[in-house]
Amino acid sequence: MVHSISCSCGKLQGQIKSVNNINRCVCYCADCQAFARYLNKQEKVLDEHGGTSIVQTIPENIVFSQGIENLACIRLSNRGLLRWYAACCHTPIGNTLADAKLSFVGLVHSCLGSDRHLLDETFGSIRMYQHTADAFRSNKPRTRGAFLGTLRILGMILKARLTGAYKNTPFFVSESTSTPIATPKVLSENELAEAMKVKD
Ligand SMILES: [Zn+2]
Ligand SMILES: [Zn+2]
């Protein structure tokens, strides 16, 4: 184990197993903001410009050791990412793609402890700042490192596809690449509109 995963009430526990296949980013996109707002965790999750700090890796690198029955899932739209959270205390956990063959998970910092320095020490510092057009307040951050970061992620996905590592994922029913372990709830139009509102 290199880093522990926990929801804020502690019922859901897990680990990131390895420092390999890691990319760190801050995503300012309106969808990541909406996810935090939907769970009413915007104050905990979003930085002053609406950014979400994320540790990106492959699902094979994640184990849940306790309380996995608390994992729940929403989608902002029919075709959106699967956005996972702990139903016990509404802690955002992370995002996966709907097709497990595309092996990717972005873990939201809210399940990775409050010590940012520990994340830096373990995984290296953040090198990718993306979708800054959706950032709020003046002095918006600039998009940085998105090209190299995206290449790194595509490399992880491709490698997992070639080695078959994509099959090891705690987010999908075993042997399936299209059935998540929790049925995703797609937000209604009203829920989405509410979540998208910048309440700054
Ligand atoms: Zn919890
Ligand atoms: Zn985003």
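1. Strand 8 and strand 9 (residues 105-108) run antiparallel to each other and are joined by three bridges, where pairing requires that DSSP find at least two bridges between two strands. Within this pairing, Gly94 stands opposite Leu107 of strand 9. Strands here are DSSP runs of E with at least two residues, helices are runs of H or I with at least four, and both are numbered from the N terminus.

2. The model is a predicted one, in which local features need pLDDT of at least 70 and side-chain atom pairs count only at pLDDT 80 or more, while totals for chains, interfaces and linings use all residues. Residues are numbered from 1 along each chain as its sequence is written, and chains are lettered from A and ligands numbered from 1 in the order in which they are written.

3. Strand 8 also pairs with strand 7 (residues 82-86), again in the antiparallel sense, over five bridges, and Thr96 in strand 8 is the bridge partner of Leu82. Four residues lie between the strands of this hairpin, in which His90 takes a positive phi near 60°.

4. Strand 8 (residues 91-96) is mostly covered, with six of its six residues buried; buried means that 20 or more other C-beta atoms, placed from the backbone, lie within 10 Å of the residue's own.

5. Leaving aside neighbours within four places in sequence, Cys111 is in contact with Ile5, Ser6, Cys7, Thr91 and Ile93, contact being C-beta atoms, placed from the backbone, within 7 Å.

Notes
A residue is buried if 20 or more other C-beta atoms lie within 10 Å of its own, exposed if 12 or fewer, and partly exposed in between; C-beta atoms are placed from the backbone. Two residues are in contact if their C-beta atoms, placed from the backbone, lie within 7 Å.
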